[in-house]
Amino acid sequence: MGRQVGPRVAQRFGRVLLELGGNNAIIVGPTADLDMAARGIVFGAIGTAGQRCTTTRRLIVHESVADALVQRLHKAYASAPIGNPLDSGNLVGPLIDRVSFDAMQDALKAAREQGGKVTGGERVLADEYPNAWNSPMR
């Protein structure tokens, strides 16, 4: 796709930013409204419980606003009600099964091994729902 878009935009002397890697990234620049960005990120990531193909999976954030945005995201995720997805008051339910949870744990481990800082990822509400695999960012 980029090989087709780049030349077309260049013909009109336009500028282009192509995010062609997939995985539904949100790009947050240095002049972004961080409150608005945080609301959009949280909705994109958990607003439909991951049940759509456009669920946000990655963030590309300018280093000058990264810390402030992460603070806002921590606060937003900490306030998201979790539990049985059949209860209307809950926004976040469990992963589908143990296999999915283990795959997520493997991905988080790889991120740590590559120097990433991981917040959350552990099981929550395991006593209340022993056969559910809850793991929101807390």
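User: What makes up the chain in terms of helices and strands?
Analyst: There are 4 helices and 2 strands, taken as DSSP runs (helices H or I, at least four residues; strands E, at least two) and numbered from the N terminus. Along the sequence the order reads α-β-α-β-α-α. This is a predicted model, where local features need pLDDT of at least 70 and side-chain atom pairs 80 or more, while totals for chains, interfaces and linings use all residues. Residue numbers start from 1 along each chain as its sequence is written, and side-chain values use heavy atoms, without hydrogens and water.

User: Why does threonine 56 count as buried?
Analyst: Its relative accessibility is 14%, and buried means under 20% relative accessible area (exposed is over 50%, partly exposed in between; 1.4 Å probe, protein chains only). So threonine 56 counts as buried. It sits in the loop between helix 2 (34-46) and strand 2 (58-61). Leaving out residues up to four places away in sequence, threonine 56 touches Asn24, Ile26, Ile41, Gly44 and Ala45, with contact meaning heavy atoms within 4.5 Å.

User: Why are helix 2 and helix 3 called oblique to each other?
Analyst: Their axes, lines fitted to C-alpha atoms over the stretch in contact, with angles from 0 to 180 degrees between N-to-C directions, cross at roughly 50° and come within 9 Å. Under 35 degrees would be roughly parallel, over 145 roughly antiparallel, 65 to 115 roughly perpendicular, and the rest is oblique. Helix 2 and helix 3 are therefore oblique.

User: Which residues of helix 3 make the contact with helix 2?
Analyst: Ala68, Leu69, Arg72, Leu73, Ala76 and Tyr77 of helix 3 do. On the helix 2 side, Ile41 and Ala45 are among them.
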